[in-house]
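Please read them with the structure open.

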Amino acid sequence: NTSANATPHITLIGAGLAGALLATLLARAGWRVDVYEKRGDPRLKGYQGGRSINLALAERGRHALRLAGADEAVMAQAVMMRGRMVHFLDGRTDLQRYGRDDSEVIWSVHRGELNLILLQIAQDAGANLHFHRGLSGVDFDARIARFRDDRDGSEHEVGFDSLVGADGAGSALRAAMGEVADLGERTEFLGHSYKELEIPPARDGGFSIEPNALHIWPRGRYMCIALPNDERTFTVTLFLPNQGDPSFETIRDGADARALFQRDFADALPLIPELERDFERNPAGLLATLYLERWHLDDRAVLLGDAAHAMVPFHGQGMNCAFEDCVALAERLLAGGDRGDAFAAFQRQRLPSARAIQAMALENYLEMRDRVDDDDYLLQRALERELAQRHPERFMPRYAMVTFHRMPYEVAFDRGQRQRELLVELTRGHDSLDSLDWDAVDATVRARLDPLPADA
Ligand code: FAD
């Protein structure tokens, strides 16, 4: 029960990235935590899927991992990415640094390894993990959740005080909540999908291309990216439209994929020996943004992470944002008081943040696939770097605000918009920075941008 002197209890749905992290934060604070996960325990059988899929970890995520005591273990297998290595059509490459120096970088982490580490830490903190328990229905009046065991089809009923939905983009808890309340749910499909391929280690066992970078092959309406893994492989992700040419409609099998790579990603082709097999074996993943108006049902259920706000992956922030959600929700819950109020306050704080990063993630797709090799863009980026140096207290590239700092996403979004207007205005009619009137530029920056918030 939630009465003041009893040990509080909470039931989490999903032991993925957010579920395991939130379980740790609450169990460490003395809460009784039960976590129900649809799949089997990956610590017993190895991570399902078997493929190396990696994610970019940034400061927001690392901050949450530090609070959970997980940062050190995670960082031990992370690979530093200093910037984008852009691969042009003619084979030239160019490293565009993300930050000022090696203190401003992102980290490639193995999704499976990360999940294993977080599950172990959650269990060590005292959380009860229940595997093969897929949420199949909820009686919110009786506060009973039903779980199905996929091994034998058996059903299990469990009473709860409150449910937290950390069960990802296809959340079963969200579906159950949607049956009793209008969550204002809307999904916008991007019209593009992705497929994962692999670059194995080089003959000598090392990385076959620069390891400390996120590689991008921008090609206008589509692109490829590659992130390093600590076992010296790279996970390549091919993003293509669902329709048009080329698209997943025209690139249907391994031979089509080879022809596309020969034409558009020629320097990547020799690095992916199993291109045909990977392309035919791996499923194409859909990309969409999920918007909800409501994330909670009074004190009985709340959603976070992808279950509340799945986004397209182009800012590499979905997990980072989900981890920030966990910290915010844990803070609200640990402050005590009415749980319904805590859930409402969590939603008020995090819904605008989620909306902002969802919008920035969509914008970043255009930027990554289409603009990183464009002259106007490069001039604006050069001015951006210059202004960040001349006015560090007022001007910070949006990428840095999102990636290396923890100011609310909506603050980064708003400042980023104002900065972009300035960059466009100040570079209009110029081919290089040499012809700018720097006194006028400095005065404009001072007049138009207030000092950055303290966290920056
Ligand atoms: P998940 O990690 O999806 O976990 C959900 C868990 O719930 C799973 O374990 C699942 O088995 C379980 N579950 C599902 N249904 C049920 C049920 N009915 N009952 C019980 N359990 C259930 N983010 C980044 O920060 N950086 C990146 O570089 C990045 N790259 C990405 C690349 C791609 C191609 C994609 C698709 C996403 C990427 N993301 C990235 C986003 C990131 O993967 C998600 O935001 C993150 O996994 C969300 O965590 P979560 O815990 O909310 O959901």
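Predicted model: local features only at pLDDT ≥ 70, side-chain atom pairs only at ≥ 80, totals over all residues.

1. Two strands count as paired if DSSP finds at least two bridges between them. With that in mind, consider strands β14 (residues 214-218) and β15: four bridges join them, and the two run antiparallel.

2. On to the next strand. β15 is also joined to β16 (residues 234-241), by six bridges, and this pair runs antiparallel. Opposite C224 stands L238 of β16. β15 and β16 likewise form a hairpin, with five residues between them. In that turn R232 has a positive phi of about 75°.

3. Is strand β15 enclosed or open to the outside? Six of the six residues in β15 (residues 223-228) are buried, so the strand is largely enclosed by the rest of the structure. A residue is called buried here if 20 or more other C-beta atoms lie within 10 Å of its own.

4. The burial can also be read face by face. In a regular strand the side chains alternate between the two faces of the sheet. In β15 one side carries M223, I225 and L227, and the other carries C224, A226 and P228. Both faces are covered, as these residues are all buried.

5. The ligand deserves a separate look. Around it are 32 residues, of which G14, G16, G168, G305 and G318 are the closest. Elements that give two or more residues to this shell are α1 (17-28), β3 (54-57), β9 (134-139), α9 (306-309) and α10 (318-334). The most comes from α10, which gives four residues.

6. What is the make-up of the shell around the ligand by class? There are 15 nonpolar, 12 polar and five charged residues in the shell.

7. Where does the ligand lie relative to the domains? Domain 1 (9-77 + 109-185 + 288-363) and domain 2 (188-287) both give residues to the shell, so the ligand lies between them.

8. A last point concerns D152, in the loop between β10 (144-148) and β11 (155-159). D152 has 7 C-beta neighbours inside 10 Å and therefore counts as exposed; the cut-off for exposed is 12 or fewer. H132 is 20 residues from D152 along the chain, and their C-alpha atoms are separated by 9.8 Å.

Terms used: Residues numbered from 1 in each chain as written. Near = placed C-beta within 6 Å. Nonpolar A, V, L, I, M, F, W, Y, C, P; charged D, E, K, R; others polar. Domains from an automatic or database assignment.
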